[in-house]
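Keep the viewer open and follow the headings in order.

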Amino acid sequence: MSVSVDPTYQVYETEGGRQLTEFSTRLSMFVPVTTRLTVRARGEYARMDGTRLTSVGGGTDLSGQVSYAQPVADGSVVFSLQANAPTGKQKLSDAELETTRFISQNVYDFRVSSFSRGFSLAPRVTWAVPLSDRFAVGLGAGYQYQRGFRPQASLEEDYVPGDGVGANGGFDYKLTEASALGLDVAYRWYQTDRVGGVPRFDSGSRLTGTVRYLRRSGFTTIRAVVRYANWEESEFGFRRQSPNRGQVLPPHGMVLTSYETRLAEGMRLHLRASGHWYGETIQDSPMGNRKLLGRAYVSPSFEIGEVLTLEPHGTASFGSYRGYGGGLRMIGTF
């Protein structure tokens, strides 16, 4: 079993001249019950603030996942169930909701983007099988069931997010004994969000394509990822004097490379660099403009005895906006 605590502080400077800050603490647990059955759980605390914004803080929802792997012929099937318990802060004031609206923007990389998303259950099944000693394929499908909650104090009825249905497929190809190439395609469709049975927001569907490269040599691992995610134009019925369709969620392209190696006995180093492109949205503020930025991440790792691992980490963002952050992840293995 492993338990980790990860306090992190993040700051972003927006194009509109705002400074957004967040302090968060993540507590997570991983329990390998058997070689086939595993359990994960996570809870977080966050305090969000910003220029001309109201400070808001509190605990978030508790989430967990149970996974079971079953060998089938030459391949395997993995069954998983994710659950989200609505223990987080709800019924925010209008001023608090404005703060979370900025923090939750897709273009930022805040660790905590919301306090509560309501109760949900998400069963999923994935099947993978090798077709040769170099080539393997996999398919997966899942469903997400959502119940209503009250994100805003002024709501007289629950906000009910739409359920989601997803499917994905991909393959891995071993280039050499030390390297491999992979391709994944994922499609997800969401039903309409409603309040009191009245449609409020429809995000439509999302299509994501990912190409992955992996190379291992001794104690060193190199990864490269290229990904593009595209959302449909959304439909919404809560804005006055505006069209009922538009690009609310921006398409996102990413190129990422990472390098991890052992520096000495009990000491490792993880470096990551990524470039991001976000498309335009219909928002009137600078937040709706197209964005291009880079991110850099560094995290050494130190094993303290046989039980404790310390991982200080830092991140810097630059381009359309600036940001930085850091924290200290502490992992106990029992």
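This is a predicted model: local features need pLDDT of at least 70, side-chain atom pairs count only at pLDDT 80 or more; totals for chains, interfaces and linings use all residues.

Strand 9 and strand 12 (residues 193-195) run antiparallel and are joined by two bridges.

That pairing belongs to an open sheet of five strands, in the order 9-12-13-16-17, with antiparallel pairing. Strand 9 (159-160) and strand 17 (245-246) are its edge strands, each pairing on one side only. As a reminder, strands of a sheet pair through backbone hydrogen bonds, either parallel or antiparallel.

## The protein as a whole

Stepping back, the protein has 22 strands and one helix. Its radius of gyration is 21 Å, close to the 20 Å that the globule rule gives for 334 residues, so the protein is as compact as a globular protein of that length. Along the principal axes, the C-alpha atoms fill a box of roughly 60 × 40 × 35 Å. Of the 334 residues, 35% are buried. If you look at contacts between residues at least 6 apart in sequence, 54% of them join residues at least 24 apart.

What does the surface look like?

## Strand 3 and its partners

With strand 2 (residues 19-32) it runs antiparallel, joined by 13 bridges. The two strands form a hairpin with four residues between them. Within this pairing, F23 has R47 of strand 3 as its bridge partner.

R47 also has a bridge partner in strand 4, namely G57. Strand 3 and strand 4 (residues 56-59) run antiparallel, with four bridges between them. Strand 5 (residues 62-72) pairs with strand 3 as well: six bridges join the two, again antiparallel. Here A41 stands opposite G64 in strand 5.

Where does R52 sit? R52 lies in the loop between strand 3 and strand 4, and the hairpin of these strands has five residues between them. Phi of R52 is near 60 degrees, a positive value in a residue other than glycine. Is R52 buried or exposed? R52 counts as exposed because its relative accessibility is 62%, and the cut-off for exposed is over 50%.

A73 is the other residue to look at here, in the loop between strand 5 and strand 6 (75-85). Phi of A73 is near 55 degrees, again positive in a residue other than glycine. With a relative accessibility of 79%, A73 counts as exposed.

## A buried glycine

G279 is in the loop between strand 19 (267-278) and strand 20 (291-304). Its relative accessible area is 5%, so G279 is buried; buried means under 20%.

Which residues does G279 touch, not counting those up to four places away in sequence? They are P250, P251, N289 and R290. G279 and R290 are 11 residues apart in sequence, yet 4.7 Å apart in space, C-alpha to C-alpha.

Definitions and conventions. Residues are numbered from 1 along each chain as its sequence is written. Side-chain values use heavy atoms; hydrogens and water are left out. The radius of gyration is taken over C-alpha atoms; the globule rule is 2.2 Å times the number of residues to the power 0.38. Buried means under 20% relative accessible area, exposed over 50%, partly exposed in between (1.4 Å probe, protein chains only). Contact means heavy atoms within 4.5 Å. Two strands pair if DSSP finds at least two bridges between them.
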